[in-house]
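This report describes a ligand site, a helix pair and several backbone features. The sequence and the structure are shown first.

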Amino acid sequence: MSSFYVTTPIYYVNAAPHLGHAYTTIAADVLARHHRQRGDSVFFLTGTDEHGEPVADAAHALGISAQELADRNSERFRALAPKIGASNDFFIRTTDERHMAVVREVLFKVYENCFVYKGTYEGWYCPKCADFKAENEIDEGDRCPIHHIPLTREQEDNYFFALSRFQEPLERLYAERKDFVAPRTRYNEALSFIRSGLRDVPLTRHKLSWGVPVPWDSEHVFYVWFDALLNYYSALSFAHAPTLAGGTVDAGVRDAGKGDLLDTFWPPNVHLIAKDILRFHAVYWPALLMAAEIELPKRLFVHGYLLMEGEKMSKSLGNVLDPFEVIERFGSDALRFYLLRDVSFGQDGSVSTASFEQRYESELANEYGNLASRTLAMIGRYRDGALVEGAPDQLLVADFDGMVERVCELVDKVQLTAALDEIWGAVRRLNRYVEEQAPWQLAKDPSRAGDLDCALRTLAEGLRVVSVLLHPFMPASTERLLDALGARDTSLGAARFGAETIDRVQPLEPLFPKIETAGPAMA
Ligand code: ME8
């Protein structure tokens, strides 16, 4: 059995979750569910990043303690996961004492390995990014290029991490592992940052108390990014009793004891992130792991931004679209489908209520939902819900040839939109098949009863196959449909004609009701 470990970034608790966070978690969930379908032992991690200046500042502004704010907002992120259908195996919080212990342990090792020294930092700092900016990254008027706020000039005695000593090892890593960062544009971006010359970076903060205390100097806490990055490693050392939000516990995960999780799942197969945090993951993170003598992750996949009116959605900019609201009206599957279908995964893309409604109506309600309703209704009407055993129509079977392999290949490259396109091609093929066969005509001619049986069987089988493949993308609605088809097996092996026999089907309420009946349209 292969193992598969996928992570999302851990999200800042300085404000509430928004659609951008939901997006990464949904994509990671599709990967996790797909790998479970393949029979892999899967670990899917998400969680919250709770230390650092942005959180301390937000709590201060609200007049509450940082811990109170962290508790309150972490809970909202935890609640988001089941709402969007995410089957994460664990939810990590960086204020968890067990995480903090691992941070101290690993960073102490980095210190013992002589990659840490004391110095004075002087430069520009953005408190919203919790990031020190190089001179060439600063916008006019000494402003943050992301938040457009004035940067602060910081001078602070810090411990530094000797990032510059990893210049060569990182260049070698990028030369040897061309798939370390994908898509290629992001690989190039990270490599050119490395080639531009790495400077040492602050490892600790002196003026801040909201963080993990530095074991060798109690006046410092670790810079939040080093604390945060280590969540991917620390979680496996104590998440031995996975909490699962809404899915089935992977047998491999359930049976693994403490310590075994690291043995089984380290290194991560995919870290999913957006491009805003590329440098931390593509440069700092591998350097830190090298300094601590820990094996490097296999790959980072960097997706683009969801844009509203052309600007990245973010908490700090305040232009957020509430995922809870969308889900309440249309269901989590509709949101999952829309985000992965409408925005080519890996690129930036605009999202809007108009394009959501358009996809919902034309693809979910009409192409998939209606195909399901029609097929089940025809089997009910013409055959009383029963299917006669026999071979499916070879014409259609041939059109499905190689689809599972192509989907797997695309998912392996984290090309989720392309994988969904591939499956959607089969949904459309099935709709054409209905028109070609016109079962309502066949039903009028008793001499064609065999052809009608074959057409109905082929449609039911085709629907079952596409639903198994769509299951990672839309787990709730595909399960409802598979249930109505009397199909039990959602493993990838079942995504072939004849893999499971359907003998009787049940009626089904529309999977995706038309917008007029699904509630008021989004404002
Ligand atoms: O950066 N489009 O947390 P964060 C797409 N705590 N994805 C988006 C998005 C958008 N408009 N907005 C946010 C942090 N995201 C750190 C991470 S990891 C060790 C520490 C997603 O709350 C995307 O995954 O700002 C992005 O990288 C992440 O949320 C940033 O979340």
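## Ligand shell

Four helices and strands, β1 (3–12), α1 (19–37), α7 (224–229) and α8 (231–238), each contribute at least two residues to the shell around the ligand. Helices (H or I, at least four residues) and strands (E, at least two) are DSSP runs, numbered from the N terminus. The model is a predicted one, in which local features need pLDDT of at least 70 and side-chain atom pairs count only at pLDDT 80 or more, while totals for chains, interfaces and linings use all residues. Residues are numbered from 1 along each chain as its sequence is written, and side-chain values use heavy atoms, with hydrogens and water left out.

The ligand is surrounded by 26 residues, and the closest are Ile10, Thr24, Asp49, Asp276 and Leu306; a residue is near a molecule if one of its heavy atoms lies within 4 Å of it. By class, this shell comprises 14 nonpolar, 8 polar and 4 charged residues. Ala, Val, Leu, Ile, Met, Phe, Trp, Tyr, Cys and Pro count as nonpolar, Asp, Glu, Lys and Arg as charged, and the others, Gly among them, as polar.

From Asp49, a polar side-chain atom lies 2.7 Å from a nitrogen atom of the ligand. The protein buries 96% of the 670 Å² that the ligand exposes when taken alone; accessible areas come from the Shrake-Rupley method with a 1.4 Å probe.

## A helix pair

Helix α2 (residues 53–62) and helix α3 (residues 66–83) have axes that come within 8 Å and cross at roughly 100°. Axes are lines fitted to C-alpha atoms over the stretch in contact, and angles run from 0 to 180 degrees between N-to-C directions. The two helices α2 and α3 are therefore roughly perpendicular to each other, a term for angles of 65 to 115 degrees.

In α2, Val55, Ala58, Ala59 and Leu62 meet Ala66, Leu69 and Arg72 of α3, where contact means heavy atoms within 4.5 Å. This contact has 6 nonpolar, no polar and 1 charged residues.

## Backbone features

Most residues other than glycine have a negative phi, and most peptide bonds are trans. A cis peptide bond joins Ala182 to Pro183, with omega about -5°; Pro183 lies in the loop between β7 (181–182) and α6 (184–195). Trp266 and Pro267 are also joined by a cis peptide bond, with omega about 0°.

Glu293, although not a glycine, has a positive phi of about 60°.

Methods
A polar contact is a pair of N or O atoms within 3.5 Å; within protein, one must be able to donate a hydrogen and the other to accept it, and residues adjacent in sequence count only if both atoms are side-chain atoms. Angles under 35 degrees count as roughly parallel, over 145 as roughly antiparallel, 65 to 115 as roughly perpendicular and the rest as oblique.
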